[in-house]
Amino acid sequence: MKSYRTLFGLMALLLAVSLACGGSGTPTANPTLPPVPTNPPAQVDQGQTQDQGQQQPSNGIVTFVDQNNLLAFDLPGDWTYEHTDHGDAIYIDVQAYTDTFTSPDESAIIESLVMFADQGVKVNNSTSQAVALDILNTYYSSTGTNNGDIRISSDQIMQDGSERFEWTSKGGDYSGVSFFEVRGDDKRTWLMWTAWWSNSVDQSVLDIVDSAISTYTIP
């Protein structure tokens with residue numbers, strides 16, 4: 001069933017909660033959103049990981065460039081790629097799409113979410129964090145609800161102005177890191193770049209994730 005929630009409505013709700021609490025704390029919401037069509041990273045048998053890695057072909061490093069030139073990063077060519085146009089299925093006043101990359105052993109996923117808000121809808125830095133929490137609690141939690149499954153262990157403001165969450169899923173046995181930011185003078189473009197992996201992932205896969213993070217750039 002389609003969710004008739006709006007980004008503007010979420011922002012208004014968060015403002016009301018903030019005012020009611022005297023402006024302290026981090027406001028969150030607990031909506032049920034249509035799920036992004038990705039699955040948690042697969043659990044890895046550590047005893048088989050190295051053999052699988054040796055058998056996988058090295059297709060070289062390729063540079064992914066977002067279709068709107070909003071971001072770029074490097075990944076091995078043997079990671080599976082999928083583009084999904086969500087339209088207004090996430091919020092009805094937003095157009096969204098994801099670009100998803102999955103490691104050959106399915107133990108790690110990198111996903112770029114881009115949302116363009118309708119005219120008159122703006123996202124400032126304070127509500128950007130709340131939207132990121134909303135996305136994590138509904139897309140990336142093992143339950144699909146804001147029931148405490150996603151635990152934020154670190155929150156940092158980066159030099160480029162983006163914000164970084166390090167997080168874990170209590171029930172899903174996987175962890176991740178998400179960078180999110182508002183773009184454009186009109187404050188209508190919102191980006192969230194997330195890498196998540198099984199807690200049994202091989203270190204070589206984590207090294208690839210770290211490399212993707214280090215090569216992230218704006219074209």
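Trainee: In which sense do strand S8 and strand S9 pair, and over how many bridges?

Mentor: Strands of a sheet pair through backbone hydrogen bonds, and the sense may be parallel or antiparallel. In this predicted model, strand S8 (residues 174-183) and strand S9 (residues 189-198) are paired in the antiparallel sense over 10 bridges. As one instance, Phe180 has Met192 in S9 as its bridge partner.

Trainee: What is the strand order of the open sheet?

Mentor: The open sheet has 7 strands with antiparallel pairing, in the order S3-S4-S5-S9-S8-S7-S6. Strand S3 (80-87) and strand S6 (150-157) stand at the edges; each has a single partner strand, so one side of each lacks a neighbour in the sheet. From one strand to the next, the twist averages 15°.

Trainee: Which strands does helix H3 touch as it packs on the sheet?

Mentor: Helix H3 (residues 125-140) touches strand S5 (108-117), S6, strand S7 (163-169), S8 and S9, and its direction makes about 40° with that of S9. Helix H4 (residues 203-215) also packs on the sheet, where it touches S5, S8 and S9. The direction of H4 makes about 165° with that of S9.

Trainee: Which backbone oxygen does the side chain of Thr138 reach?

Mentor: An α-helix has 3.6 residues a turn, so residues three or four places apart point the same way. Thr138 lies in helix H3, and its side chain reaches the backbone oxygen of Asp134 at 2.8 Å. Thr138 is buried, with a relative accessible area of 6%.

Trainee: How many salt bridges does the structure hold?

Mentor: The structure holds 3 salt bridges. In one of them, the side chains of Arg164 and Glu166 meet at 3.0 Å, N to O. Another joins Glu181 and Arg183, whose closest N and O atoms are 3.1 Å apart. Asp186 also forms a salt bridge with Arg188, with 3.4 Å between the closest N and O atoms.

Trainee: Are Glu181 and Arg183 buried or exposed?

Mentor: The cut-off for a buried residue is under 20% relative accessible area. Glu181 is buried, with a value of 12%, and Arg183 is likewise buried, with a relative accessible area of 12%.

Trainee: Where is Gly172 placed, and what separates its C-alpha atom from that of Ile150?

Mentor: Gly172 has its place in the loop between S7 and S8. Its relative accessible area is 18%, so Gly172 is buried. Gly172 and Ile150 are 22 residues apart along the chain, and their C-alpha atoms are separated by 9.2 Å.

Methods. Residues are numbered from 1 along each chain as its sequence is written. This is a predicted model: local features need pLDDT of at least 70, side-chain atom pairs count only at pLDDT 80 or more; totals for chains, interfaces and linings use all residues. Side-chain values use heavy atoms; hydrogens and water are left out. Two strands pair if DSSP finds at least two bridges between them. Helices (H or I, at least four residues) and strands (E, at least two) are DSSP runs, numbered from the N terminus. Axes are lines fitted to C-alpha atoms, for helices over the stretch in contact, and angles run from 0 to 180 degrees between N-to-C directions. Contact means heavy atoms within 4.5 Å. A salt bridge is a side-chain nitrogen of Lys or Arg within 4 Å of a carboxyl oxygen of Asp or Glu. Buried means under 20% relative accessible area, exposed over 50%, partly exposed in between (1.4 Å probe, protein chains only). A polar contact is a pair of N or O atoms within 3.5 Å; within protein, one must be able to donate a hydrogen and the other to accept it, and residues adjacent in sequence count only if both atoms are side-chain atoms.
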